[in-house]
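Please open the model in your viewer and keep the selection tool at hand.

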Amino acid sequence: NQLSAKIETANVSDGAGSGVAQWSYNIMSGDSDKSFTEDAIETYTDPTQDTCTWTLVSEKDENSDNAELSGAIPLPDKENNYVVLLKLEDNVGHCKVYASNGIIIDYVEPKASISLDDNQLESATGIYGGDVNLNIHVQDVVSEVTASSSAVKKVELKVESNGVNTDTVTLLDIQQETKKQDWTIGELDDYRSKDLKYTVKAADNNSNAVKVSVTVWDNADNQSTDEFELSIDTTAPVIEAKYTSEAEVQNEKYYKKPVQAEILYTERNFSYDKEYLWFEVQVEGKNIGTYSVKELQSELGIRTDWEKLTEEVQQDNTDRKALTDKRQHKLLLTFDKDNHYTFTPYIKDLAEVPENSVYAGETQNFVVDQKAPVMKVEYETIDGGKIAVPTQEENRIYSQKGIRAIVTIDEHNFALENQEIQVDTQVTATKEQETISDYYAQQRVNNGEVWRQQN
């Protein structure tokens, strides 16, 4: 089979004979190899069948032994399989029909279509965390006449990541596979439509700008290209948190002024949605809950702000293809409500991977307590009778019964749970100008209950 062209040039000769008196052509069409057998051609050109009409190319004039021995034969516009038939007559009346090799007229470009392979799970986010399996469907089929195409000759695939070529591979080459350069129509049937496989390697294409290009040629040298774009992200997100306060920490986790947190996220494909960014928080009186950034403020009163960062870290870049693994976002939190906090930030990788894609920052446990303790002292006799004790010595009272002082301290975080409460009580009595410290306070362990200290 020859490659198609709109004009075929034919050369004829009678060798050492009497010369070519005239010659004509006919273009015979068919849909299979059986259409062009010797018997089929003889039947087609049989003058009694009236199936073949000859078109004169050249006829000799009276002063010449030969007609023009070279002539142009226009090929049909319609795509199909053809054989060019030449009928030669010499000067003594001999006539013979010759058949060319088969010609496939093919003006239509072959098609390539790239899609995810059947065994490749499609990512809901469009971002993949590993290798991506593709199916490349190529075909060179004319809808009206299935066997009239010249068939797929070659398929080449290229992969680029951020504009840099990472792979070039030939997926199909009919000449390499068959070790031939000419084929029957039946042999071409195996190359009219093909499904080819290719795997994009994540290790070589870790970017949001992965482009797969497939170019397909047919045997008439028509060609076309299809492209398929991917985002691959194999870099895990990083959470870095820093907690500060104007007040020094006391007893490992107590602050008497608000606590500020700076949480820095380093992640190329970042989302503010709760599905991908959340916090587990427990405050006093509540079980651990899951909160978005907005819910931290609306439900827990934790103030939230996103810090404006420099352009270099791509915080607000909306061109996903241009993003890199250096992209960052910084969240500022202010805990200015008195409470006990257990706080853990989480981020989920948008790249879908078989293994766990959720990453947690360090859990922080701290208490904000900005309210000073309040102390109130009341007095009563040992048998429970209330008395009022003056604050000035000249108005002192006298009692025949022992007097008990009741000290009430209003303080939410009075002492560390299950640890001793350090109480320093000093009572001074004056007798004959002598100071006598003859009272003491018990030491108790905080069990979270209200208790009364007595002497």
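A charge is taken to sit over a ring if NZ of Lys or CZ of Arg is within 6 Å of the ring centre and within 35 degrees of the ring normal. With that criterion in mind, and remembering that this is a predicted model, select K154 together with W217: the charged end of K154 sits over the ring of W217, 5.7 Å from its centre. Next, select K194 and Y191, where the charged end of K194 lies over the ring of Y191 at 4.9 Å from the ring centre.

Now turn to the aromatic pairs, of which the count comes to 13. Begin with Y265 and F270, whose rings form a tilted pair, 5.6 Å centre to centre and with 55° between the planes; both Y265 and F270 are buried.

How accessible are the two partners, Y265 and W306? Y265 has 0% relative accessibility and therefore counts as buried, whereas W306, with a relative accessible area of 28%, is partly exposed.

As a last stop, select Y243, Y255, F279, F335, Y341, F343 and F366 in one go, and display their side chains: ring pairs link these residues into a cluster.

Notes: Residues numbered from 1 in each chain as written. Predicted model: local features only at pLDDT ≥ 70, side-chain atom pairs only at ≥ 80, totals over all residues. Heavy atoms only, no water. Phe/Tyr/Trp six-rings, centres within 6.5 Å; stacked < 30°, edge-to-face > 60°. Buried < 20%, exposed > 50% of the residue type's maximum accessible area, 1.4 Å probe, protein only.
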